[in-house]
Amino acid sequence: MNFKMYESEAGGTALWESGNKNISVTSGIFTYTMSPNIDWRKKDIWLQLVVNGIELAPREKIMAQAYALHSKSAENLTASSEIKVNISTITSSIGLNNSGDRIIL
């Protein structure tokens, strides 16, 4: 298998690719950890899977997840600012103190 990432649903040049990897597949299920060096903030990213030289279609758009690699809110966090997190009826805040250490309020 070869995993490729593009900034378009079709066509274009790969932003990153894994190269050919021997992947074990059991009942159609496999695992592979990718570590692409991509700036996730500026573009939509599409995953292309290539099996035995055949490109599978369509490409799959990489979507947001519960544990995002990058958070715009965290990028803008500075000393004495905070991010409010609401879960059901509970509100908590995460911030930085004047030393830049993370604190949960």
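Is Lys-4 buried or exposed? Select Lys-4: at 15% relative accessibility, Lys-4 counts as buried (buried is under 20% relative accessible area, exposed over 50%, partly exposed in between; 1.4 Å probe, protein chains only).

This is a predicted model, where local features need pLDDT of at least 70, side-chain atom pairs count only at pLDDT 80 or more, and totals for chains, interfaces and linings use all residues. Residues are numbered from 1 along each chain as its sequence is written, and side-chain values use heavy atoms, with hydrogens and water left out.

Lys-4 sits in strand E1 (residues 2-6) and Glu-55 in strand E4 (residues 54-55), so the pair ties together parts 51 residues apart in sequence. Strands (E) are DSSP runs of at least two residues, numbered from the N terminus. Glu-55 is partly exposed, at 45%.

Now pick Gln-48, in strand E3 (residues 46-51). Gln-48 is buried, at 4% relative accessibility. Its side chain reaches the backbone oxygen of Leu-56 at 2.4 Å. A polar contact of 2.9 Å joins the side chains of Gln-48 and Arg-59 (N or O atoms within 3.5 Å; within protein, one able to donate a hydrogen and the other to accept it, and residues adjacent in sequence count only if both atoms are side-chain atoms).

Last stop: Asp-44 and Lys-61. Their side chains meet in a salt bridge (3.5 Å, N to O). Asp-44 is partly exposed at 44%, and Lys-61 is partly exposed at 28%.

Notes: Helix = DSSP H or I, 4+ residues; strand = E, 2+ residues; numbered from the N terminus. Salt bridge = Lys/Arg side-chain N within 4 Å of Asp/Glu carboxyl O.
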